[in-house]
Amino acid sequence: MSARSAGQAVPALEIIDPGLQTTVQDYPGRRGRQALGFFPSGPVDPLGLQVANVLVGNRPGAAALEIPLGRFQAVILRAGLIAITGPDAGVTLNGEPVPLWEAVSVAEGDVLSCAVIRGAGYRRYLAVSGGIAVDEAFGSRSTLLVAGIGGHDGRALERADVLDAYPAGGARQRRRMPVSLRPHYTDSWEIEVLRGPHADPDFLTAQDFEDFLGACWRCDLNSDRTGVRFNPHRFQWARTSGDVAGGHPSNLLDTSYPYGGILAYGDVLTILGPDSNTSGGFAVIATVAHAALSKVGQLRPGRDVVRFREINLHQAAAMQSHLDQLLDPRHFETV
Amino acid sequence: MSAIITTAEPRAGRPKVTYRTAGDRAVLVEYGHTIPVDLSVNFFAHASAQHLADHPVRGVLEVAPGLRSLLVYYDPAVIGQDRVVVALEELHDDIPEPASIVLPSRRLTLPIAFDDSASREAVNRYRISTRPDAPNVVDGNNIDYLVRYNGLPNREAFAERILRTEWWNAFTGFYPGLPSLLPLDPRSEIIAPKYNPARGWTPEGAVALGGPCLVIHPIESVGSYQLFGRTLPISNLVRQPRSHRIDPILIHPGDRITFVEVTEGELIELRRQVFEGRYDYAIEPGRYAVADHLKLGSDPEVAAEAQRRRATRGAAQELVKVP
């Protein structure tokens, strides 16, 4: 059964400029299937996607568009509400600037244009009232590019694609996220991590882990939904080789990777993104706290720098409860 | 905070268990020791996953096995890390002695064409675009390198190792539906170093070796294992009408694969039948008793031959360049 017949979905957007690699994503994505080789997919910045949905009255996890680098243009095919989150400035409707982080009423024929993000931050999210209507694949509407599944035909959007949306259902209140609650973007980030699973003393030396926390890491241009890669760094390692698993001390017998894990692929650290491979034979020296994953989605390849800060489980829980608060619609203003 | 939460020493058929923090929503549970590759430990990981599926722990969301590990995701709003570890410790106590472990395991038979032209194409592209002097590329393929690295007399001996054993799917991962297979017969053990750097393109259906594992590529993708043949499609992710459309992931964790040699011409015809929805995959439901594996491994002749082959490989590796 197609998405269109399932929920009386109707055409909502026609793509004029799809931008760099715009995809349909939902949250929490394709969970529960890592044992079959699926990482979750879904937004690299889960906060951005969920807030965009809440602004237009959708479920927080409804399918929406993820727009890396910000560039995007589409014609509105159905009147309703839209909301864009992410780095501000450069978004217009019929040539007039529109605010981000708030629901905007749109009419059929309106042209939405988003310029390349010049300042801090990297990904925008566009939600339409009702939510983007595409078929589920393996329990999620999220696009997984490498396997060609989910989203719109399993691929990034192209010019002239028409995206459907589900009915919005009744009159909806336009919401705005208060400025004080919006995330702060920068080009120099601090990202909270938990040590392990493969850190000191058995994989890294204590000094190595200190160096990991002390260093300033530059995001490599070769970063995308599969992972954020950093400049090479030579650790001392607490062992001399990877035994049967391979020559390098970062090698181990293949294991399933945690989402958000920071992988030591030889001398190159990579934060495993939502479309990463699910397993492999390399050490994961630290794991990004769940509530800090949204920051990873706003790292600009080739420009931003990161310092990692170690936190414990209590601090991670506190961060998570703060994040949950942010998504509570009662904290939003009505427009 | 240490990355290692706690360890439990081996006791009564239980391997050593190491619990590691994997973020604020997962625990990585490692069984046994870093070396050697030990199928019994993988069976234990499967038994734990199965036991957890049969006796769910509230707040534990999903588990994903590795060669000697389980990644256990949990919801920290429902259960704390310390309670997850306690629940897993209790669970491990309920796993029977290895000789009594019986796991759900289907038997699948797949045709394989050795040294097929799609694999050779992938190797050739690698040679041209990535590394002209790769020591693992000999005469446009990786098989002759695999033969040398394992101290085998010829390609026939290599094919025999692939064909004369059942291959156990130790875990599925990397890409959707990609199985990592280990030989149930220790005499078929083959080890291969990985590509350096990785290969940019691998055909769907390619069969390759890396470390101790044999893999089948479910989709066209990058890769770093040594290619030696091709089989049928093993995934149907986009749900085209094919004969295994009931289950888009053909090979599940704990399944056993037997390869049957075919010519490339025959394979191409069989692949056509799959794409046209006319092919019925050979799948037998069943269970696997770990006792069978232990019995084979403890047969003195089998053990001696496996040891001899291991020693031959060890000597051969000294003479072969690693990529």
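**Cysteines and interface**

Modeller: Over all chains, the count of disulfides (cysteine sulfur atoms within 2.5 Å) comes to zero. This is a predicted model; local features need pLDDT of at least 70, side-chain atom pairs count only at pLDDT 80 or more, and totals for chains, interfaces and linings use all residues. Residues are numbered from 1 along each chain as its sequence is written, chains are lettered from A in the order in which they are written, and side-chain values use heavy atoms, with hydrogens and water left out.

Take A:Cys216. The closest cysteine sulfur, in A:Cys219, lies 9.6 Å away, too far for a bond. A:Cys219 is buried (under 20%), with a relative accessible area of 3%.

Now the interface. In chain B, 43 residues are in contact (heavy atoms within 4.5 Å) with 47 residues of chain A. The area buried between the two chains (accessible area lost on being put together, 1.4 Å probe, summed over both) is about 3,800 Å². Carbon and sulfur atoms give 61% of that area. B:Met1, B:Asp24 and B:Phe174 supply 17% of what chain B buries against chain A, more than any other three residues.

One salt bridge (side-chain nitrogen of Lys or Arg within 4 Å of a carboxyl oxygen of Asp or Glu) links the chains. A:Asp202 forms a salt bridge with B:Arg20, with the closest N and O atoms 2.6 Å apart. The side of chain B that touches chain A divides into 25 nonpolar residues (Ala, Val, Leu, Ile, Met, Phe, Trp, Tyr, Cys and Pro), eight charged (Asp, Glu, Lys and Arg) and 10 polar (the others, Gly among them).

Conventions
Buried means under 20% relative accessible area, exposed over 50%, partly exposed in between (1.4 Å probe, protein chains only).
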